[in-house]
Structure formats: C-alpha cells, structure tokens
Amino acid sequence: MSVTFYLGRYVEDEQFGTILAPLADHTHSRPETCCEDAALYFGQCNHAEADEAACGCREHEVNVSNANAVAILERLGYDTDPECPAGEATGDDLLGRAVTGNIGHDDSGTPATVDGGPGTGRCTWVDCGVDAGYFTRTLERLAELATAAQNAGAMVVWA
Ligand SMILES: [Zn+2]
Ligand SMILES: [Zn+2]
C-alpha cells in the first residue's frame, strides 16, 4: 500500500457535493489499438506512462509507502490516521512545514528489520527501513509540490 501526494482542487460533484479532485483532469490512456498485447495484459499500453511524463501533469507527485507516509506526516506536524494516511493542505502551509520538518530530527536512516516468521509463532513482519537522507530528500520534493500548488492555486492532497 502506498500514499501519493498530489495537486488537487475543489470541485462541485452532483452526488457528493464539494470534493477534492485531482488537478490533472485527464488520463493518458491510449486507444486499445495502440499496443493491443500490452493493453490486454496491463490494461494500458506502455505509451501512456511516456505520455504522462511528456505532459508533466504528475511531475511533482510524491509516492511513498504507508509506513513512510505516517513518518513524514509526523515530521510535518499533521495529525494522521496511521491505518489510512489521508488529508489536504494549502501550498503555503505545506511549504512552511516541509522546509522546517527535519529540524531536530535524525535523518541517518534506519536498517531493514525482519521480525517474527518461521519458528516464532508470529507472522513475518518486514520493516524496509529508510536510507540516510530519506526524509531530507522527500521533504524537498514535497516543498517542490507545495510550490507547484501555490503557482497553480491548487491544494496538496494525500491519500
Ligand atoms: Zn502503445
Ligand atoms: Zn497530463
């Protein structure tokens, strides 16, 4: 499971009222005839990703694991449900938190650990850990996303 931080904006939905929808109001799917085999196996041809990169609509999105999202949101000072990290913020708010979020926090990384497993009577629990500098790099990317939100007059959404 993972969490994506992306640009969103408020729109009126007939059924749900005011909702936060992705700013990129289009998808990059190609007609099935583009790459028929790929469409059959993967649901879309490989050109769709290249189209997306060329368009730039997802350029600033930040995708992280659920566990890392919880740790990042903690550094940013947002309350979050560890089972389901989701929320939104203005670009101004997120930018301020992203540039100060690592102050006073250790960013030397944590090793991957495995707990439980065969012979322990408990299921295997793998914690992938994080590389040194992970939070610095990720908060820098979130600061870029926040700046993009300011420029676009958009919200930053995570879910
Ligand atoms: Zn194709
Ligand atoms: Zn696009």
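Me: What is a nonpolar core, and which residues touch the most other members of the largest one here?

Reply: A nonpolar core is a set of buried Ala, Val, Leu, Ile, Met, Phe, Trp, Tyr and Cys residues joined through C-beta atoms within 7 Å. A residue counts as buried if 20 or more other C-beta atoms lie within 10 Å of its own, as exposed if 12 or fewer do, and as partly exposed in between, with C-beta atoms placed from the backbone. This is a predicted model, in which local features need pLDDT of at least 70 and side-chain atom pairs count only at pLDDT 80 or more, while totals for chains, interfaces and linings use all residues. Residues are numbered from 1 along each chain as its sequence is written, and chains are lettered from A and ligands numbered from 1 in the order in which they are written. The largest nonpolar core has 24 residues, of which I72, L94, A98, L142, A146 and V156 touch the most other members.

Me: Which elements each supply at least two residues of this core?

Reply: Helices (H or I, at least four residues) and strands (E, at least two) are DSSP runs, numbered from the N terminus. The contributors are β1 (2-13), α3 (66-76), α4 (91-100), α5 (134-152) and β7 (155-158). The largest share, 6 residues, comes from α5.

Me: With which residues is A146 in contact, leaving aside its neighbours within four places in sequence?

Reply: Two residues are in contact if their C-beta atoms, placed from the backbone, lie within 7 Å. For A146 the partners are G91, L94, L95, A98 and V156.

Me: Which residues of α3 are buried, and what covers them?

Reply: An α-helix has 3.6 residues a turn, so residues three or four places apart point the same way. In α3, the buried residues are A69, A71, I72, L73, R75 and L76. Their cover includes β1, β3 (62-65), α4, α5 and β7. Just after α3, G77 takes a positive phi of about 85°.

Me: How many residues of helix α2 are buried?

Reply: Of the 9 residues of α2 (residues 47-55), 0 are buried, so this helix lies largely in the open.

Me: In what sense do β1 and β7 pair?

Reply: Two strands pair if DSSP finds at least two bridges between them. β1 and β7 are antiparallel over 4 bridges, and F5 stands opposite W158 in β7. Strand β4 (residues 87-90) also pairs with β7 in the antiparallel sense, over 4 bridges; there, W158 is the bridge partner of G87.
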